[in-house]
Amino acid sequence: MKLIIVESPHKAKTIAKFLHGEYKVDASKGHIRDLPVNYMGVNIKDNFEPYYVIAPEKKADIKRLSDQAKKAEVVYLATDPDREGEAISWHLAEVLNLDEKTANRIEFNEISERAVKRALENPRKIDMNLVDAQQARRVLDRIVGYSISPAASTKLNETLSAGRVQSVALKMVVDREREITAFVPKEYWNLKADLSPVNKKSNFKVLLTEKNGRKYKPSNEEEATATEIELKQSTFKVKSLKKSVIKSHAPAPFITSTLQQDGSIKLNVTAPQIMQIAQRLYEGVETPRGNVALITYMRTDSVRISQEAQASAREFIRANYGAEYVPTKPNFYKSKNSAQDAHEAIRPIDVALTPEKVEDILDKNQYKLYKLIYDRFIASQMSEAKYDSVALEVEAGAYTFKTSGKTLTFKGYTAVYDDTKKEEDEETGSSLLPPLAEGEILNLNGLVKEQKFTKPPVRYTEATLIKNMEDKGIGRPSTYATIMAKLSDKKREYVRKEKKYLVPNTISYDLIDFLVKFFPNIMDVSFTANMETALDDIGDGGKDWHKLISDFYAPFEKQLLSSKLTEEKCQLCGSPMYINSGKYGNYYSCSNVNCKQNKPVTAKFAMPTDKVCPKCGGTVLEREGKFGKFLACSNYPECKYTVSLTESVGICPDCGKPTKKMMSKGGKVFYGCSDYPRCKFMSWDIPTGEKCPDCGSYLIQVEGKIRCSNKKCKYSEDAKS
């Protein structure tokens with residue numbers, strides 16, 4: 001008997017179908033051993049050696065595989081073609097006592113009969129460089145996570161989890177939210193002119209963009225009105241008219257990050273969900289004819305495809321769309337310099353299996369994702385799309401107006417995969433232009449003024465956060481989905497989703513501030529990106545992973561101790577005390593190694609009062625939260641009695657109850673209804689509880705004046721003393 005071991009039972013079924021009983025194919029069901037769950041499992045003193053354990057639930061799998069391996073004349077390890085897969089193969093070889101000097105490792109980028117049989121003809125030894133790269137990443141992340149998380153939890157009185165890469169991603173979300181909170185909108189005005197050629201009725205619109213050759217927008221209504229008067233006295237004429245043909249090149253086939261980005265936007269599913277669906281499409285879906293694998297390996301940062309796949313795509317395009325849709329020279333794409341380029345881009349295994357042909361064997365999400373991958377791959381090998389473009393400039397005295405537009409003349413790749421974004425640029429006139437000539441005088445039919453305000457930065461979505469991480473070199477294909485899952489983890493909820501946007505919760509601000517203060521290098525984007533490159537170098541060979549961890553740990557250990565240091569002094573020797581976490585809660589320990597003084601930590605913001613809880617009779621504590629001080633029962637969470645102690649300021653115009661002065665997550669004061677969450681009213685200014693007599697919006701008190709909250713309304717009066 002010949003034995004092939006893979007990770008997944010689905011993968012095992014798909015491969016077994018190709019081999020017609022010549023091989024026994026079984027699955028390890030993922031990792032068979034790993035670092036322990038309840039403690040770090042890394043021996044800091046012994047050159048950072050990891051301590052691997054076998055989970056109880058894996059013992060039956062190991063026994064089954066071990067019995068089969070003893071009977072087999074040869075054992076092949078066919079785990080996934082990446083570092084994680086290489087490490088799983090190494091762990092299997094170790095636990096099953098396989099000879100690591102034997103060429104028993106096979107890998108393939110797609111689960112097809114051709115690819116599997118080719119791999120069996122070319123077995124190799126386990127690549128220990130790849131194994132060491134995975135071990136180094138695992139050990140580094142374990143040291144960081146299992147050291148920083150307790151430190152942050154004790155300092156912030158929360159159960160927190162901090163990670164080497166996830167914390168940098170969270171910082172990006174928090175920093176963006178703080179930018180938005182600190183943003184002060186600036187007023188500007190748009191002026192659009194309705195024009196037409198002399199003695200013709202072909203109207204078109206242009207937008208004011210420049211004055212005296214520089215970008216210009218009126219900053220207030222008075223300036224806009226003055227500009228309008230001046231323009232009505234000016235002569236409008238064509239300054240320049242440029243016509244050209246624009247070509248749009250087809251996008252590259254998907255890599256992991258772009259699949260997650262496009263899947264998130266177009267299919268409205270999360271990055272972890274996308275990877276789960278893609279995993280199934282790669283391993284094989286059940287059909288009446290047995291398991292069928294549909295796509296190549298889905299964890300990749302390479303846009304490279306095989307010549308065989310490219311040739312089949314070009315033939316398919318020629319047969320189904322016509323010769324004009326096949327470029328003269330095949331399309332090739334260059335991977336990023338940081339890409340490992342270990343295997344191909346994500347593509348369908350067989351272009352003959354169109355989405356329509358397999359729709360009946362896939363569930364809804366599988367079909368949508370397969371169609372997205374299939375269409376993107378076919379489009380990547382198609383001709384460019386072509387557009388007729390026109391750009392018009394009109395001058396009126398010192399002012400310049402512009403409009404532009406383009407018309408599709410040849411669909412090219414957009415016949416299959418349209419990745420053009422709807423233009424939201426208000427500076428494109430978007431109206432059809434009549435025949436015009438440079439220097440031609442134009443009629444002014446009207447001017448329209450429109451008040452605008454600059455907009456704050458846009459919050460991240462999963463798609464834009466992944467793209468930003470990739471651009472900055474943070475994380476790798478196998479980590480993006482995991483990071484997104486950890487940020488939205490329901491146990492901690494560092495971020496929540498408002499529609500599709502990621503919004504940090506209160507604890508995230510405290511956590512990031514703590515990490516930035518005590519672990520500045522870990523929270524630095526460049527440091528994280530360079531560390532990713534250093535880890536990649538181990539996989540390429542020639543780098544000792546132990547030295548990399550050692551060089552990192554020396555300064556990290558000092559930062560870790562500093563993060564635990566408090567202002568508390570030891571009563572015995574006067575040395576500073578550290579805060580630590582133990583079985584019975586947080587405690588102080590003396591920093592003097594010769595002094596054994598320890599003492600418990602009094603809970604922060606939890607001062608006992610002489611009040612008794614009216615619900616259960618427990619002691620009432622005075623605490624402080626994100627909305628200020630409040631009273632709470634000491635028997636929480638069994639008893640949820642609370643009373644706010646925050647001062648009331650203003651009146652809610654929606655329900656008439658007092659509003660309270662509060663602090664936003666970004667540190668900005670606002671006024672929220674005391675009846676929250678039943679009433680969700682909030683205002684950046686003190687609400688009076690009254691309505692504006694002119695427009696009906698609520699009134700606010702600002703600098704001794706009563707004003708309308710509607711910025712377009714000019715109602716104002718002196719505040720009553």
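Q: Buried means under 20% relative accessible area, exposed means over 50%, and partly exposed is in between. In this predicted model, why does arginine 124 count as partly exposed?
A: Its relative accessibility is 24%.

Q: Why is glutamate 86 called buried?
A: Glutamate 86 has a relative accessible area of 1%. Buried means under 20%, so glutamate 86 is buried.

Q: What makes the meeting of arginine 124 and glutamate 86 a salt bridge?
A: Their side chains meet at 2.9 Å, N to O. The cut-off is a Lys or Arg nitrogen within 4 Å of an Asp or Glu carboxyl oxygen, so the pair is a salt bridge. Arginine 124 sits in the loop between α4 (113-120) and α5 (128-156), and glutamate 86 in helix α3 (residues 83-95), so the pair ties together parts 38 residues apart in sequence. The structure holds 43 salt bridges.

Q: How do you know that glutamate 308 and arginine 114 form a salt bridge?
A: The closest N and O atoms are 3.6 Å apart. That is set against a limit of within 4 Å, so the pair is a salt bridge. Glutamate 308 lies in helix α10 (residues 307-321) and arginine 114 in helix α4, so parts 194 residues apart in sequence are tied together.

Q: Why are glutamate 308 and arginine 114 called partly exposed?
A: Glutamate 308 has a relative accessible area of 45%. Arginine 114 has 38%.

Q: What makes glutamate 532 and arginine 137 a salt bridge?
A: Their closest N and O atoms are 2.7 Å apart. The limit is within 4 Å, so this pair is a salt bridge. It links distant parts of the chain: glutamate 532 is in helix α16 (residues 525-540) and arginine 137 in helix α5, 395 residues apart. Glutamate 532 and arginine 137 are buried. A network of salt bridges links Arg83, Arg137, Asp141, Arg164, Arg476, Glu532 and Asp536.

Q: Why is α1 called roughly parallel to α9?
A: Helix α1 (residues 9-19) and helix α9 (residues 271-283) pack at about 25 degrees, with axes 8 Å apart. Angles under 35 degrees count as roughly parallel, so α1 is roughly parallel to α9. His10, Lys11 and Thr14 of α1 meet Arg280, Tyr282 and Glu283 of α9. By class, that contact has one nonpolar, two polar and three charged residues.

Q: Why are α10 and α12 called roughly perpendicular?
A: The axes of α10 and helix α12 (residues 364-380) cross at roughly 85 degrees and come within 9 Å. Angles of 65 to 115 count as roughly perpendicular, so α10 and α12 are roughly perpendicular. Ala309, Ala313, Phe316 and Ile317 of α10 touch Tyr374, Phe377 and Ile378 of α12. This contact has seven nonpolar, no polar and no charged residues.

Q: How do you know that β1 and β5 pair?
A: Strand β1 (residues 2-6) and β5 share four bridges, in the parallel sense. Pairing needs at least two bridges, so β1 and β5 pair. Three strands form an open sheet in the order β2-β1-β5, with parallel pairing.

Q: What makes β2 and β5 edge strands?
A: β2 (24-27) and β5 (74-77) each pair on one side only.

Definitions and conventions: Residues numbered from 1 in each chain as written. Predicted model: local features only at pLDDT ≥ 70, side-chain atom pairs only at ≥ 80, totals over all residues. Heavy atoms only, no water. Helix = DSSP H or I, 4+ residues; strand = E, 2+ residues; numbered from the N terminus. Buried < 20%, exposed > 50% of the residue type's maximum accessible area, 1.4 Å probe, protein only. Axes fitted to C-alpha atoms, helices over the stretch in contact; angles between N-to-C directions. Parallel < 35°, antiparallel > 145°, perpendicular 65-115°, else oblique. Contact = heavy atoms within 4.5 Å. Nonpolar A, V, L, I, M, F, W, Y, C, P; charged D, E, K, R; others polar.
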